[in-house]
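Please look over the sequence and the model shown below before reading on.

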Amino acid sequence: MRQFPLEMHQMAPGRVVEWRLRSTAGPAPDTGGTGDAPRGVPADAAGRRASFNQDKHFTVAEESRGADDPVASWIAVTFEVKGVLDERALTRSLLAFVCRHEVLRCEFRRLAGELACEPIAAAELALDAVPVADFDSSEALRGFLVDRFKRSIDTLSWPLFTMGAVLREDSTTVYLAFDHIVCDGLSMPTVVHEVQNGYEALCRGEEIDLPPAPSYLDFAEEQRRRYLSIAADDERLGYWKSFMARGGGEFFPRFPLELGVEPDRMYPIVNEASPLLDAAEAEVFEKACRVVDGKPFMGVLAAVAVCLREAGGPGVYRGFMPVSERGRAGWANSVGWFVNTMPIEFDASPGRDFAQVMAAVRAGFGEMMEHIDVPFVRAWQLLAPAEFAARSWPYPVNFFSYIDIRKCPGAERHGDWRPTSHVWSARANGACSWFQRDADGLHMNSIYVDTAAARRTMDDFQEALRATVREIARHGSFRRPVALTAPRRPLGASRNGAAPYAPSTGRS
């Protein structure tokens, strides 16, 4: 399972059907394709408190809507069902999935200044299958899905996701797209695992049997209870304060290469993906990391740091790293936004070999994990209140994310299900890169501003990074000097030449 732009998906055409969620407490939904449905929650319902991530996300949506400057994004997943589809079984499996995860049944709204999320009772929900269209080309189908997700995913409208399928004679591609407020990237393998297992069980005439999945609303309530009352002088913010002090007082670590952006301006995005290592190379890369007492994600981060340094960045790497909060209290099977973003810092200065940089990464990561309890949004609000009031991060931020998909629920069936994940954002003012390890190797997906300088920078950065991780795999070291293909600031104009990969799904 890998993450890449939906526009790259080689999905076979077919007949599209969507399932519209509605509350049986209200009138039947409008099935005209808006994605909205009548709300079945009483206006005077007390509601439960949203998490800090959710509150900030919703606030940005409110403010951008009021300024006629909408901020939009979605996370989507697709997967394959072999053979003739049993539509009734898939409908039941999708409904069971929605009912199982309380956050998916929530309507969000302001109550006395706080963001409340009131779940609709599972027994009051129903799904209506709605025929959409027939497509005879993959290009037309992809165009429809891209447009559909953009139009239907709206932070301020319920429901906060859309579900559908592309039906063919001998296979089906199922798709679900979500607003970030109800899920994160690690929720996507859970979506595939639960819907597929539920569907297969129902097709066998069995009931759906899944392990417990605690509610994200409980996680959010616990988070609010523990951290809403802390102040800027709380000792638990010491790690953040020391990180800021070493960075000139800035809360956000700057992306160190030239992207050609102007202050206070948002840009259309480039969404790119490419392979870095194949399966065999990724195995050797992991062994090279283990030899120096590191893990694969540490090796990738070390390579990123060295490539940024060689491109003109500083010797000390400073960046943000999202960390999953699922493992701390049994949330492994839950859907929600279980991500805390933390700062990490380590020395990757010239002259340090692979083992030394890896030791620095390991130490930096260990220190970061000792201070992971304070939520990112709360630290941001307390330590950078002026920037917190803005609708986006203030400038290009150094950001690194790594997921080993092989450790996610259902990974052993990914060869059959062929799942893919996709992220999209309307605009950006910097660059973000996500790295995924799956059974086929190591992959990179980047979203960055669509400027000439950013295209040159990111093309050369990807080329240098690919060469660096391959050197580590082959030789267990930064054997060759890492150098980009053109002068620095702005970086070279040559493209990396790597062909976009797009795993074929359905009939080709």
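Across the whole structure, a search finds 38 salt bridges, a salt bridge being a side-chain nitrogen of Lys or Arg within 4 Å of a carboxyl oxygen of Asp or Glu. This is a predicted model, in which local features need pLDDT of at least 70 and side-chain atom pairs count only at pLDDT 80 or more, while totals for chains, interfaces and linings use all residues. Residues are numbered from 1 along each chain as its sequence is written, and side-chain values use heavy atoms, with hydrogens and water left out.

Glu 286 takes part in a salt bridge with Arg 406, where the closest N and O atoms are 3.8 Å apart. This pair links distant parts of the chain, since Arg 406 sits in the loop between strand 14 (400–404) and helix 12 (414–417), whereas Glu 286 belongs to helix 7 (residues 279–291), 120 residues apart; helices (H or I, at least four residues) and strands (E, at least two) are DSSP runs, numbered from the N terminus. Arg 406 is partly exposed, with a relative accessible area of 33%, while Glu 286, at 16%, is buried; buried means under 20% relative accessible area, exposed over 50%, and partly exposed in between (1.4 Å probe, protein chains only). The side chain of Glu 286 also meets that of Arg 437 in a salt bridge (3.2 Å, N to O), and here both residues are buried. A network of salt bridges links Glu 283, Glu 286, Arg 290, Asp 404, Arg 406 and Arg 437.

The chain as a whole contains 13 helices and 18 strands, and 57% of its 508 residues count as buried.

Strand 7 (residues 114–119) is mostly covered, with five of its six residues buried. Strand 6 (residues 106–111) pairs with strand 7 in the antiparallel sense over six bridges, where pairing requires that DSSP finds at least two bridges between two strands. Cys 106 stands opposite Pro 119 of strand 7, and in the hairpin of these strands, which has two residues between them, Ala 112 takes a positive phi near 55°.

The largest nonpolar core holds 153 residues, and Phe 108 and Phe 346 are among those that touch the most other members; such a core is a set of buried Ala, Val, Leu, Ile, Met, Phe, Trp, Tyr and Cys residues joined through side-chain atoms within 4.5 Å. Helix 8 (residues 296–310) gives the largest share of this core, 11 residues.
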